[in-house]
Amino acid sequence: MDITSKLIYALIGLLIVVNWGMLMSVTFRKIGARMAGRHGIPFRQPWVNLLKNISTRTIITHGYMYYLGPVFRLSGGIGIFLFMPMVFTGNADGLWTNFSFQGDLILILYFQVFGMLGMAMGSGEGGHPYSAMGVARGLAQHAAVELPLTIAILAIAVQFDTFSIYKIVEAQQGGFQNWVLFTNPFASAAIILAMLGALGHSPFNLVKAPNEILIGPATEYEGTYLGFMMSAGAIIHVMEAVLFMNLIFGGATSWIELIIKSFLIYFWSVFVGMVFPRFKIEQSVIWFFKWPLGFAIIGLLMASF
Amino acid sequence: MSELDLNDKMSEMLAKSEANVKNSKKDFTRPEDELREVVAPDGSIIKINPLYDYFSDEKPKEEKPRNGVVEKFLNWARSESIWVLGFGTGCGSIEIPPLVTPRFDMFRYGVEMRPTPRQSNAFIISGYLSVKTLKRVIRTYEQMPSPKYIIALGSCTINGGMYYDSYSTINRLDKYIPVDVYIAGCMPRPEALLHGFAKLKQLIKDGKAEKANEYARNFDEYKANQKKIIKDWNMPDYNW
């Protein structure tokens, strides 16, 4: 497949992912509202908010890094998207595999941190004390999430002897009994638990912590910057769900399957968030170092021996 | 420069700035906001003026709306996504929490609370406004991005209400910041507030909610009014 058509398909895929991410976020808000007995926001609200934010007339800046923070975050999200095989079609160079290559798993793990570090530097230049608090909490929690997640992903890589997501998905084809969820349940358990931290809903939402530290790193951001961050958030939420889908739930063979699976993965974190209140930072770090890390190490040992 | 010398220099400067504070009794600037010299880690001396170094020194400008259909479309988006700053100024703020409960549920109209002025475009002045709070209101209002809207809740914002002869509250809000929508009553019920939002939405859709531009146009007049009533003006004139 030539590069031009690949690029066109990647752009179409990106459009689907942005809109699907926004729809997921509004559904999350709707479920929260229904649980509280309210109607909740209309379904068009994220798109209207985005349009409103882009059409803000005045916009202030705090310096170069402040500009670059949201750009880094968006490029982190798009970076994950570009190297992620979205739909398994049996052809490594197929329509929706994007620019997936041998070893893309490592690159995607890197891109997860990339956007976060960009935001940390950008909001640091914003100079608001709550931004600094949000960033400190976010990085501490991210480090705690990354450790079990990386060990569990290593377990999967050892199991299939590859760092290519496409090959991991290929090895899981042919029925749900081939999913990593069943072939390596401990690594899967570690990923499913670490996923809660990676998606950042309650009880692990103390990075943003609304009503406590305003909204954390984004406190000083407004207008177009905020619009950028909202679209980046939508992309990252879908891509995290797709990553976990590819790793342990056998990938997807069509867009419909992708949407159903990513919806269920995302809503695992939403349902947990509806039930459990927010953890403090020390509680969440200790929690990640206890259960997910233990499962991940057992999973790695299972895969190695 | 050795560490001892540095310490000496610092304490000398501190004494100087304290003496400055004592001499200028009329000035309301806090000691930490004084114009002073600071020794940088490399030994060089830097002059800093906290009050002006950290803020903008540019007057707000009038921002012309776009043309025709584009502005109409954007105004529709603005009217359907009103982000209210969570800042209760007076007793009227007790009427705002019910709006997020199942009974009134303002979210279905696209109205949301937002914790920071940078991200909100509507500001509810809820009830009486003391001079002390007015100072904070002005600073917050100027930090909000344009287009921004003010909803004045309760009679106190119109003519002072039951506090009309109080020594510490203002009577007419309109003299200090431009108001888009008034909601009369003491206190107005949450339904009245929802009606106020509906009214504001209609104004935005009609392109009539351009009070941020009015503020920029009559900036000097508004500033003169504000300075007349705020006696301890220890902030820069333009602070967004």
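**Cores, helix packing and a chain contact**

Tutor: The largest nonpolar core has 86 residues. Those with the most contacts inside it are A:Met84, A:Ala152, A:Ile191, A:Ala194, A:Ile235 and A:Phe244. This is a predicted model: local features need pLDDT of at least 70, side-chain atom pairs count only at pLDDT 80 or more, and totals for chains, interfaces and linings use all residues. Residues are numbered from 1 along each chain as its sequence is written, with chains lettered from A and ligands numbered from 1 in the order written.

Student: What is a nonpolar core?

Tutor: A set of buried Ala, Val, Leu, Ile, Met, Phe, Trp, Tyr and Cys residues joined through C-beta atoms within 7 Å. Buried means 20 or more other C-beta atoms within 10 Å of the residue's own, with C-beta atoms placed from the backbone.

Student: Which helix gives the most to this core?

Tutor: Helix H9 (residues 223-248) of chain A, with 18 residues. Helices are DSSP runs (H or I, at least four residues), numbered from the N terminus. Apart from this core lies another, of 40 residues, among them B:Leu129 and B:Tyr182.

Student: At what angle do H1 and H2 of chain A pack?

Tutor: Axes are lines fitted to C-alpha atoms over the stretch in contact, and angles run from 0 to 180 degrees between N-to-C directions. Here the angle is about 115°, with the axes 8 Å apart. So H1(A) is roughly perpendicular to H2(A) (65 to 115 degrees).

Student: How many residues of chain B are in contact with chain A?

Tutor: Contact means C-beta atoms, placed from the backbone, within 7 Å. 19 residues of chain B are in contact with 28 residues of chain A.

Note on methods:
Two residues are in contact if their C-beta atoms, placed from the backbone, lie within 7 Å. A residue is buried if 20 or more other C-beta atoms lie within 10 Å of its own, exposed if 12 or fewer, and partly exposed in between; C-beta atoms are placed from the backbone. Helices (H or I, at least four residues) and strands (E, at least two) are DSSP runs, numbered from the N terminus. Angles under 35 degrees count as roughly parallel, over 145 as roughly antiparallel, 65 to 115 as roughly perpendicular and the rest as oblique.
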